[in-house]
Amino acid sequence: MHVPDDQTPDAPEPSEAPANSAAGDAAETPEPRPQPKSAYELPSKKNTVLRNMLWALALTMAVVVVIAIAFFGVGSDAGREPLANSELDVSASAERAQDVSGFPVAAPEPLEGWTEQSARFTGGESPQWTVEYTSPSDHLVTLTEEAEVSAPLLSSVLPGATTQDELVIDGVECQVLSGDADGASELAMSCQGDSFGLLVHGATDREEIQTLMEQALVDVQE
């Protein structure tokens, strides 16, 4: 049967269901969660620099502590006595100096109350042997030896030295001198032998100065 044009059935409206379904799916999709860091993750440049800085700081502090202990010791005991120099061997040093000095090197055994503090030999045009002692009165007394007790030696050790007395010890002519060393008055004794010159000086009395000189003269003339 023919349907008139004005009675054509209405076409069904398009369904909106698919669009709504897609929106719902999109809303229900979960956000991606950050992945936990792996324990085997390679170190980054930032972490490496920070770690190096921390190591450098730790090493620096360790060095500072070691130096502080070496210079100031452990604790704050102001009355701590200095340790004896167990490595000092004046006799062995004198034997080595003897080979190149050109004069008999004096290394007397210290008497009771005397302590050897240091020993050194200086070569060159005027070889010099020096030993420092602590005397029984707790003063620093120095024994210096060269081929002769020259004016330059006296000037460097005891500026402005003047003669106080003259004497002979074990057949060697000696002089008692006084002068200033580093702004302090000191007493000295010089003895000139055939192949050696000895000078003993310190801020102490004549008895201690002469005692050390007598020991030195015995040693070089043995």
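**Cavity and sheet**

Modeller: The largest cavity holds about 40 Å³ of space. This is a predicted model, where local features need pLDDT of at least 70, side-chain atom pairs need 80 or more, and totals for chains, interfaces and linings use all residues. Residues are numbered from 1 along each chain as its sequence is written, and side-chain values use heavy atoms, without hydrogens and water.

Colleague: Which helix gives the most to the lining of the largest cavity?

Modeller: A cavity is a set of points on a 1 Å grid over the protein atoms alone where a 1.4 Å probe fits but cannot get out, and lining residues have an atom within 4 Å of a point. The lining includes Trp 114, Tyr 133 and Leu 212. With three residues, the top contributor is helix α5 (residues 206-220; helices are DSSP runs of H or I, at least four residues).

Colleague: What is the strand order in the open sheet?

Modeller: Seven strands (E runs of at least two residues) pair antiparallel, a pair needing at least two DSSP bridges. Their order is β1-β2-β3-β7-β6-β5-β4.

Colleague: Why is one side of β1 and of β4 left without a neighbour in the sheet?

Modeller: β1 (115-122) and β4 (162-169) stand at the edges.

Colleague: Which residue in β2 stands opposite Glu 116?

Modeller: β1 and β2 (residues 128-134) pair in the antiparallel sense over seven bridges. Opposite Glu 116 stands Tyr 133.

Definitions and conventions
On a 1 Å grid over the protein atoms alone, a cavity is a set of points where a 1.4 Å probe fits but cannot get out, and a pocket is an open set with protein on both sides within 12 Å along at least five of seven lines; lining residues have an atom within 4 Å of a point. Grid points are joined across faces, edges and corners, and a volume is the space filled by probe spheres set on the points.
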